[in-house]
Amino acid sequence: MKKLAACLVGGVMLVSCVSGTDRKEAEMNHFVDDLMNKMTLEEKVGQLNLVSVGFDVTGPILSENVEEKIKAGQVGGVFNTFTPDAVRKLQNIAVNETRLGIPLLSGYDVIHGHKTIFPVPLGLSASWDMDLIGRVARASADEASADGVNWIYSPMVDIVRDPRWGRVSESNGEDPYLSSCIARTMVENFQQDDLSKENTVMACLKHFALYGASEAGRDYNTVDMSRIRMYNEYLPPYKAAVEAGVGSVMTSFNEIDGIPATANRWLLTDLLRRDWGFEGFVVTDYTATMELLHHGMGDKAKVSELALNAGTDMDMVSEYFLETGIELVKSGRVSEAVVDAACRRILQAKYKLGLFDDPYKYVNEERAASDIGSDDKLALAKEAAVKSMVLLKNDRQVLPLDSVRKVAFIGPHVKGRRDLIGNWSAAGDWRKAVTVWEGIENTVGTANCLYAQGCNILEDETLIDKLNPHGAMIEKKVSADRLLAEAVRTAYQADVVVAVLGETFGMSGEAASRSDISLPDNQRELLKALKATGKPIVLVLMNGRPLTLEWEDSAMDAILETWFAGTRAGDAIAEVLYGEATPSGKLSMTFPRNVGQIPLYYNHKNTGRPFLDGQKYTTKYLDIPNEPLYPFGHGLSYTTFAYCDINMSGNTLSGNNGKLTASVIVTNTGQRTGVETVQLYLRDMVGSVTRPVKELKDFQKVLLNPGESKQVNFDITVDQLKFYNSDLQYVAEPGEFQIFIGGSSADVKSASFVYENK
Ligand code: BGC
């Protein structure tokens, strides 16, 4: 909306056309300038300090004497605390007991829901459903903002190609395009282009950058990557979030080109601010400034100097800026302008959030009572859980189950509750999660169901000892032999066995890397004993990462991947198992056959010696195929879909604004209504640099009744052909392109066209 603004300059009336946005920005700048004019250097440095108040510790220290520090004007924001009461108490101190009364940011990790917990992000990304993901983000922001939180540490958009890394569960998987779509959707729904609304929150993009490429999948490990790979494969989702207007960015723990992200001026200033135009503020990850010491970047003052001069604005938990900032400015190692810029960005964030108008805007008991855990959110949690599940295998249509047949539900996850909401479940209360057994009761009743625990979730004492200090609460209550014998007896009494197994929540997430990503040995022993009964077996999995399932794939009749599905996990699983809902998820990450294949991803390069069967000197393993067990984009339904050949609107794409349309007709050839995710991939056949064998460029979801056909059209534009060349210019190069359309990256129809740049 444009507004006419008039002002008198030197006695002359100037009339200019000022947009509403420009006016708002001018007002904000005026306000912040005014405030900063009143601030001492000490108060400015205080704004750069972020302290952890409460419950969670994800690093070595917890902030001390928080209330005194707030009173002394030494805190710009708090995190790890919520509820209107708790946040009001701290906000009161900031507003009423400090000289300038500057309100606090109040941050929290709202990763897959606040109190109503949705599937872990890797699961949610398998829905490929932006409308759903948008509603989940909206609901999360709605709950968090009613509970004292105005700033959330999400979205996490690190591209991951190594499922040994535990934080893969927080990611959207391996694909830059899918993850970019999700990044954009989440930011738009958290912030809604209007942070002054009471139910929007400022998002924090993380972990900038490349954290998902930690060597060997070990958390916090070194990253080393070429710029061309960075630009083409790892940076796009971060860029998408910045373009969507994300308000803040969190640095990653890893190094980039030998300089840790928190101290990396190229990353934070040249790339993020100069090239991408990011205008928000940058916060470190938990104690990342302090960790620069361990990276060997210098002493406390030196690393603070490096971080501030690199473009980091806010220091999470280390308190190094607070301790060294004033001296650094006085000695000239950091200019006052750098501190001013950092302080200004943080004050602008507070202004945009409306905290200067009403510091108590996000502490609203009434909203908390009505909006948190409301029926619509719980319904959304079930919907999201259903749509995230991926049917990996389903031989002889053993699924869906027939409720008149006797089904033996076996496994520690059948009645287990603690694991359902997964890791990073923030303020979620696992006690409120619905178990699989309860879900069955709610759906078809348990009259025809039998139950046996089957095994302890883990027998490995070393692993249990590592997990328990973090609240895993793993107990081995019953002897493994007794559990196994009881399970086998139960299986014999049933027509079908459903084994509900997987990881405990602590086996994925931060600091939860695994070198072996198979099911725990004791669980596999249980499956082997069940298999020996000769009964059909459905394996229902709960886990936060791709697992290696080669044996399970060969031995089980059906495998349903449910991830850690959240507060309504049990209801959703029961509905899918009994066919009240049809699975439609597609993997957003490759499932390797074994860890020796890692890193394994669909958008790899062809190499100079692509695999050729029967030829010795081609790229391959001697002991396993190159192909994964389950490829990116894979996911079955209870119905089947057929694709006709691709129909192209032409064979040539010309000029900068050219467009082609590729169409396929997809038919539901089965007996049930189902949703198919139709995926479009491109391959640039000849390039000035080597190009991937396939890259996802678009997708559409279609709902089809039995026998129904629909035409799905994809527009192909020059933008989709672009990539970063060896000079890091974003270009489309003329030549032949192949186009693939199908229901998985490995099951596609193909066609080709030529791009002419004229
Ligand atoms: C994690 C971040 C998180 C932060 C605050 C860190 O350990 O890496 O993802 O946002 O803690 O809790």
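Helices (H or I, at least four residues) and strands (E, at least two) are DSSP runs, numbered from the N terminus. The model is predicted: local features need pLDDT of at least 70, side-chain atom pairs count only at pLDDT 80 or more, and totals for chains, interfaces and linings use all residues. Residues are numbered from 1 along each chain as its sequence is written, and side-chain values use heavy atoms, with hydrogens and water left out.

Start with a single residue. His114 sits in the loop that links β5 (105–108) and α5 (121–125). Its relative accessible area is 0%, so His114 is buried. Buried means under 20% relative accessible area, exposed over 50%, and partly exposed in between (1.4 Å probe, protein chains only). Contact means heavy atoms within 4.5 Å. Leaving aside residues up to four places away in sequence, His114 touches Phe82, Tyr108, Ser140, Glu143, Ala144, Asp147, Val149, Ser425, Ala426, Ala427 and Gly428.

Next come two helices, α7 (residues 176–191) and α9 (residues 236–243). Their axes come within 8 Å and cross at roughly 25 degrees. α7 is therefore roughly parallel to α9. Axes are lines fitted to C-alpha atoms, for helices over the stretch in contact, and angles run from 0 to 180 degrees between N-to-C directions. Angles under 35 degrees count as roughly parallel, over 145 as roughly antiparallel, 65 to 115 as roughly perpendicular, and the rest as oblique. From α7, Pro176, Ser179, Ser180, Ala183, Arg184 and Val187 meet Pro236, Pro237, Ala240 and Ala241 of α9. These contact residues divide into seven nonpolar, two polar and one charged. Here Ala, Val, Leu, Ile, Met, Phe, Trp, Tyr, Cys and Pro count as nonpolar, Asp, Glu, Lys and Arg as charged, and the others, Gly among them, as polar.

Now turn to a sheet. Six strands form it, in the order β13-β18-β17-β16-β14-β15. The sheet is open and its pairing is mixed. Two strands pair if DSSP finds at least two bridges between them. The edge strands, β13 (390–394) and β15 (449–452), each pair on one side only. From one strand to the next, the twist averages 15 degrees. Four bridges join β14 (residues 407–410) to β15 in the parallel sense. Within that pair, Ala408 stands opposite Leu450.

α18 lies across β14, β15, β16 (496–502) and β17 (537–542), and runs at about 170 degrees to β15. α23 lies across β14, β16, β17 and β18 (558–561), at about 150 degrees to β17. The two helices also meet each other. The axes of α18 (residues 436–443) and α23 (residues 569–577) come within 7 Å and cross at roughly 60 degrees. α18 and α23 are therefore oblique to each other. On the α18 side, the contact uses Val436, Gly439, Ile440, Asn442 and Thr443; on the α23 side, Gly570, Asp571, Ile573, Ala574 and Glu575. Four of the residues in this contact are nonpolar, four polar and two charged.

Finish at strand β23 (residues 674–684). Ten of its eleven residues are buried. β23 pairs with β24 (residues 695–704) in the antiparallel sense over nine bridges. There, Gly674 stands opposite Leu704. Six bridges join β23 to β28 (residues 735–744), again antiparallel. Arg683 has Gln738 as its bridge partner in β28. In a regular strand, side chains alternate between the two faces of the sheet.
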